[in-house]
Amino acid sequence: MQTEKHTITMLVENEPGVTARVSGLFASRGYNIETICGAPTANPEMSRITITTNTNPDQMEQIMKQVRRLINVIKVRDMTGDEAVRREMALICVNAQESHRSEIQRIVDSFRARIVDTGLTHYIIEVTGQMEKIEALLRLLAPMGIKKVARSGILALYREPG
């Protein structure tokens, strides 16, 4: 059965151990978490955890059922479809030799990214967007020499009607 990338978001009670229970469920069932991101919502008593995983439809159905059964989980949604806005943020530290600085700036500008730190031999670039956009930027910066990358994991919200 073919697997595809799924984005799952859940509202949970903002209490210690909730993220560990959610990730533990995935691990105990042999499901891989590709990315996980969690933070409090506008309501400080709740957090939103967003997970991406590669799975087939049967496994996805099982994941959703099992996550719903967890204590402290308030709501679970599959955010895979077009109705959701999905974004990721990355910080990229790239070698910035004098001869490459204008080319790096041109690439950064074309991706609507920005340089947030400059050093004698490096730039740190911040970019936000869909995963494919970040991957494309990394491919273009690779010839300059990428030193480090930190990625947030995917965040998702459903579009509001109207």
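The model is predicted, with local features needing pLDDT of at least 70 and side-chain atom pairs counting only at pLDDT 80 or more, while totals for chains, interfaces and linings use all residues. Residues are numbered from 1 along each chain as its sequence is written, and side-chain values use heavy atoms, leaving out hydrogens and water.

Let us begin with the overall layout. The protein chain holds four helices and nine strands; these are DSSP runs numbered from the N terminus, with helices (H or I) of at least four residues and strands (E) of at least two. Read from the N terminus, the elements follow the order β-α-β-β-α-β-β-α-β-β-α-β-β. Along the principal axes, the C-alpha atoms fill a box of roughly 55 × 40 × 40 Å.

Next comes the question of cover. Of the 162 residues, 38% count as buried, a word that stands for under 20% relative accessible area, with exposed over 50% and partly exposed in between (1.4 Å probe, protein chains only). Contact means heavy atoms within 4.5 Å. Among the contacts with a separation of 6 or more, 73% come from residues 24 or more positions apart.

Now follow strand S3, which spans residues 46–55 and includes Thr 52. Thr 52 is buried, with a relative accessible area of 0%. Its side chain joins that of Thr 35 through a polar contact of 2.6 Å. A polar contact is a pair of N or O atoms within 3.5 Å; within protein, one must be able to donate a hydrogen and the other to accept it, and residues adjacent in sequence count only if both atoms are side-chain atoms. Not counting residues up to four places away in sequence, Thr 52 touches several residues, including His 6, Asn 32 and Ile 154.

Ser 47 also lies in strand S3. Ser 47 is buried at a relative accessible area of 9%, and a polar contact of 3.2 Å links its side chain to that of Asn 14. Beyond residues up to four places away in sequence, Ser 47 touches Asn 14 and Ala 39, among others.

Finally, turn to helix H2, residues 57–69, where Met 64 sits. Met 64 is buried, its relative accessible area being 9%. With residues up to four places away in sequence set aside, Met 64 touches Ile 8, Val 76, Arg 77 and Asp 78. Met 64 and Ala 39 are 25 residues apart in sequence and 20 Å apart in space, C-alpha to C-alpha.
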